[in-house]
Structure formats: structure tokens, C-alpha cells
Number of protein chains: 2
Amino acid sequence: MSAPTLNIQQAATHSKVSAHTLRYYERIGLLPTITRDSNGYRQYSEYDLGAVNILLRLRDTGMPIQGMKRFAALLQDETAIPERLELLEQHRKAVEERILELQTNLEAIETKIQIYRKTTKGFSSCKPSSK
Amino acid sequence: MSAPTLNIQQAATHSKVSAHTLRYYERIGLLPTITRDSNGYRQYSEYDLGAVNILLRLRDTGMPIQGMKRFAALLQDETAIPERLELLEQHRKAVEERILELQTNLEAIETKIQIYRKTTKGFSSCKPSSK
DNA sequence: ATTTGACTTCGAGTGCACTCGAAGGTTTAA
DNA sequence: TTAAACCTTCGAGTGCACTCGAAGTCAAAT
């Protein structure tokens, strides 16, 4: 058995993005390795799906398209493992900082929630007794 | 002593946003309580700065402008404490989910980092001995 | 008296990341 | 053989959240 390939709709379903987005990513250079069948239809290999997967992880952790392009370029250079590592480690740091920032802001919101809870508690204490 | 007010530049510096953004927020209805001096200059009260602060917390945790508008409207209704509470609690849930999602994606990225580290380790083990 | 600099409104422009739709080619099923 | 259900390219459109700049007003300093 040869390596199975997926068409664009299957790849889209598998990766949880739209086919439109997969075409867009390819045309801006994020996915340079997608091959075509005799009709010009895209064929997504296991490798391609892996590339889509990591790119979406980067996107979903806030990396802008420009950063994703840099990583995609490094994926094309098999000797660029240290550079990939550096990019990912820098990004990991950025994401960790982003999580901390979210947690800080979340705490401020929770403080506000507590204040509002006390306010409504004050009102509810005026409710008539059960008797 | 009367309540001190800040001009737009001071408010911007204090809140870490641009004066442009403060005017934008006001004109889209996020800040309906800003008063003006005799020249039409904006005066930011303590209350206004508090409103800006919570709105920015909401923004920085991913709430879209539409949601911020809803909260700003509730701030105008002093009887709407339970509604404010509900909005903030829903948002808190959304932020907690976002943090979990970030952590999941971060783990996937860290797995990739580990793989790359092993690859480079393989190469570095070919280094000549110190003797 | 005039220059500096901070403020005002208003509408237009920017950057990002898609998202869509038109026009056309191919395979599949009725 | 013709209709449906895919796929293709291409350029244009969308939504979001600002961001900017022009034209004008006003107060303080030179």
C-alpha cells in the first residue's frame, strides 16, 4: 500500500479549517509541499497534515502569519533544526507570558465579580423570612 | 478638595492606551460618562478611569467590542448588578477555557521541541571526545 | 502679536486574517 | 447526456479594532 493522500475537503475536515483557508495558506507560502494529481487537484500527504497541524497550533497560540511563514521556511530546510528549535522556544516563552497575562486580568475580573456579589448579597438579605 | 480629573493625555498615559483609542471608545458608546470643560476638552474622573480599566481587562482577555458595549450599557443602569455579574461570570468561563486551550496547544508545541532536541542531540553526540 | 502645543471633530486609511463568489474544468451517478 | 458535486484560479470583499491626518479652536509663553 502506498501513502494515502487526502483531497482538500478531507484535509479541511481533518484539520478543522476551511478549504478556503487551506488554499490561502498555500498561496501565501505556508504550505509549499502540497502536490497535485493529474487534474491539478491538491493531494495532502501525512507530512502535509503534520505541517498544517503545527502551523495551526502556532496560530492558535497567537503567532502572526509572518511568524508562521518563518517557521514554514525552516521546515523546507532539513538542516535548520536548531533554528526551528529556537523559533519554537521563543514562541513558547511568548505563550507562557500570554497565559500569565490572561491569569492576571482574570484575577482582576474575579475581584470585580466578588464586589458585585457582595452588592447583590446586601439586597438579598432584605428578603422576607420563610415564615 | 474636589474630585481630580485628568485630561485625555493623562488618562491615556494612566490607562496605557492612546488618546485616539480613548476618543474611539467614547464615540462608539463605551464611555458615555466623560464630561467636558468649558472648552469642550474631555475630563476623566476616577469613575471613568475605573470604567476604562475594567473595559481594558475585558478587551485584553479577548472580549470583542460588542461584548464590551453590552457591559458598558449595564454600567449605566445601577439596578443591573445581577446582569453585570452574569456577563462577567460568562466571560470568566470563556477566559478559563481559553487558558486551557492555550495550555493544550503549548503542550503540543513542547512535544515538538522535545523531538527537535533529540534530533540535535543525535548530531552533537558525534562530537569528538575531549581527549 | 504670534508661536507653540494640546485639545476638538470628522472621515478616511491601515493591517490582519481570512472569506467569498464568479467562471470554468472534471468525475460520478441517473 | 446531463445534472450534481467536486475541484481549480483569481481578485475582490469582509469584519475587526484601531490609527491617522486634516482643519480648526483655545490658552499659555515669548
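## Surface near DNA strand C

In the classification used here, Ala, Val, Leu, Ile, Met, Phe, Trp, Tyr, Cys and Pro count as nonpolar, Asp, Glu, Lys and Arg as charged, and the others, Gly among them, as polar. On that basis, the surface near DNA strand C in this predicted model comprises six nonpolar, eight polar and three charged residues.

DNA strand C is surrounded by 17 residues, and the closest are Tyr24(A), Pro64(A), Ile65(A), Gln9(B) and Arg42(B). At least two residues of this surface come from each of three elements: helix 2 (19–27) of chain A, helix 1 (8–15) of chain B and helix 2 (19–27) of chain B. Helix 2 of chain A provides the largest share, three residues.

## Relation between the two chains

## Contact between chain A and chain B

Contacts join 28 residues of chain A to 28 residues of chain B. On the side of chain A that touches chain B, helix 3 (46–60) and helix 5 (81–124) of chain A each supply at least two residues. Helix 5 of chain A gives the most, with 24 residues. By class, this side of chain A holds 13 nonpolar, six polar and nine charged residues.

How values were computed: Residues numbered from 1 in each chain as written. Chains lettered and ligands numbered in written order. Predicted model: local features only at pLDDT ≥ 70, side-chain atom pairs only at ≥ 80, totals over all residues. Near = placed C-beta within 6 Å. Helix = DSSP H or I, 4+ residues; strand = E, 2+ residues; numbered from the N terminus. Contact = placed C-beta atoms within 7 Å.
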